[in-house]
Amino acid sequence: FVWFCVCLLLLLWWWCVWLMVVRRFLRWVCLEEPRAAAQGDAAAAAEAGTLACGTRRCNHACTRCGPYLGLCVLTLVNLINYMNRYVPSATKELIKSDLALDDWQTGFVVTVFVIVYMLAAPAFGYLADKGFSRKLILVFGVLVWSASTSLTSVCNNFYTLLIPRAFVGFGEAAYGAVSAPIICDYFPPRLRSRALTFFVSAIPFGSAFGYIIGGTLGQLIGWRKTFLVTGATGVLGLLIIPLKLPPKGATDETVCTSPTPSFVQGIKILATNRAYVFAVGGYVAVTFGLGAISDWLPTFFYRYYHTSLAVAGFLVGALLVVGGLLGAIAGGAAGDVYRRLNVRQPYFSVSAASMALGLPFLLGALWFAERKICVELLLLVAIVLVWMYNGPINAIIVNSVEANMRARATSMSILLIHSFGDAISPSIVGAISDATGGELRWALLLSPAAMVVAALVWTIAVCAVRQPVSGDTARKREGGDPANGSSPVVPEEEAVVGEAIALVPAQT
């Protein structure tokens, strides 16, 4: 109970600090125009039915505090989401010893979670696009994954362990399919990249909390009570209930008048969207590599450097917090620099370059460094470089489709990246480790190999995808529409506007 209170206070403290800094931070990076410009354009904007920032008038999303508060709450719940996701990785050795499992079985627990997660996400995305209450989907997902995490504490064999982890994946699929499109509706296209970067910055924090709290509490009170405590933190997800969510397409620069495509039509639209296909293709490779390394990294320290599980969990958590946060910020900043330098496809270019630069550091950490301090430093640099892709690639995914397709675009990306990514990589690593007599280093070479594939895919995208334009206005004004396969023609001076880049899908 004491440790539960400590963990709850830590999360509440983090959220309070987040609330204090987020307004100033977001004002600085993206969210408000200069006051003079806003005052000067107010009258004309009112006549045109738009706001001074160029978005449509919306009483939900464009209130003074709505976007800030909504982004903070969704980011907090995302942190809890990833904390619950990585607790099993931090307590892997304890579960293995208590339930008499082997490496393959402990890896398959993660695989079952990911399989359910990826299969359920498209269903929730389709419901959200068809008009089902997005708030209800969010709250349902939080309650399901929290209760299932706590119920993991009563498992007594391999098969009963799989059931609650599958329901955790079901609940997280509901949240993951809807949360990113809601953030896109809070902010106009030119601001979405940084807003999404802020949102995904909770991933390293949540993963770190999962490793640190899971490893520490697992040593102190056992893995069963650890799952009970971490699952109870999901009560903070009820903060979603009083939020005022924006309608779909609330901040798009033009109104989406096309009817919502059917499920099959939506898949065809996404399959012919070149920017989307290349973004998700590289995303699959990255998820494969990161899924393997993140699940087995505490065990790597435990086996090769004789580190206790508590210390291993703390090390991995600290690396994820520092490296992930720095990487997310650096990725957004690098994308802006590339855009100002008129680099072709700046978001794809940043992502490809970061993967290529992070590869030698990851290889050095896994194979060539002998001292633990050298491994930690090399891993830190590798995580910073690899994490730079997150904000830019997620911005490409949501900006390359219209408002009535965003939930499905997000959910289908979830399905694909996990189907061929971290749904299979932990089990493959575990199987290779068993086949080589527990030689985990050989098995983890799959991770840098996946980074090579991602770098190649995004490098090809730089040449294969057409030059980006900003937002939906240019696409509609010049007659382009991703739903019917037409290609827009945009004046040169309007090719890059604002802070976020929306890529136009090149249809075949």
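Helices here are DSSP runs of H or I of at least four residues, and strands are runs of E of at least two, numbered from the N terminus. Residues are numbered from 1 along each chain as its sequence is written. The model is predicted, so local features need pLDDT of at least 70 and side-chain atom pairs count only at pLDDT 80 or more, while totals for chains, interfaces and linings use all residues; side-chain values use heavy atoms, with hydrogens and water left out.

Begin with two loops. Q345 lies in the loop between α14 (309–340) and α15 (346–368). Most residues other than glycine have a negative phi. Q345 is not a glycine, yet its phi is positive, about 45 degrees. A100 also has a positive phi without being a glycine, and its value is near 60 degrees. A100 is found in the loop between α5 (92–99) and α6 (103–129).

Are these two residues buried or exposed? Buried means under 20% relative accessible area, exposed means over 50%, and partly exposed is in between, with a 1.4 Å probe and protein chains only. A100 has a relative accessible area of 65%, so A100 is exposed. Q345 has 1% relative accessibility and therefore counts as buried.

The helix before A100 is α5. In α5, the residues K92, E93, I95 and L99 are buried. They cover an arc of only 165 degrees around the axis, so they are on the same side of α5. The arc is that of the directions from the helix axis to the C-beta atoms.

Two packed helices are described by the angle between their axes and the distance between the axes. The axes of α6 and helix α8 (residues 158–186) come within 6 Å and cross at roughly 35 degrees. Such axes are lines fitted to C-alpha atoms, for helices over the stretch in contact, and angles run from 0 to 180 degrees between N-to-C directions. The crossing of α6 and α8 is right-handed. A crossing is right-handed if the near helix is turned clockwise from the far one by less than a right angle, and left-handed if anticlockwise. The contact of α6 with α8 has 21 nonpolar, four polar and two charged residues. Here Ala, Val, Leu, Ile, Met, Phe, Trp, Tyr, Cys and Pro count as nonpolar, Asp, Glu, Lys and Arg as charged, and the others, Gly among them, as polar.

Next come the aromatic rings. Rings of Phe, Tyr and Trp (its six-membered ring) pair if their centres lie within 6.5 Å; planes under 30 degrees apart count as stacked, over 60 as edge-to-face and the rest as tilted. The whole structure has 17 aromatic pairs. One of them joins Y82 and Y86, whose centres are 6.5 Å apart and whose planes are at 20 degrees, so this pair is stacked. Both residues lie in helix α4 (residues 66–90), four residues apart, about one turn of the helix. Y82 and Y86 are both buried.

The rings of Y283 and Y389 have their centres 5.6 Å apart and their planes at 70 degrees, so the pair is edge-to-face. This pair links distant parts of the chain, 106 residues apart: Y283 is in helix α13 (residues 274–304), and Y389 is in the loop between α16 (372–386) and α17 (390–399). Both Y283 and Y389 are buried. Ring pairs also link F300, F301, Y304 and Y305 into a cluster. The charged end of R441 sits over the ring of Y304, 4.4 Å from its centre. That description requires NZ of Lys or CZ of Arg within 6 Å of the ring centre and within 35 degrees of the ring normal.

Helix α13 also contains D295. D295 is buried, with a relative accessible area of 2%. D295 and P426 are 131 residues apart in sequence and 6.6 Å apart in space, C-alpha to C-alpha.
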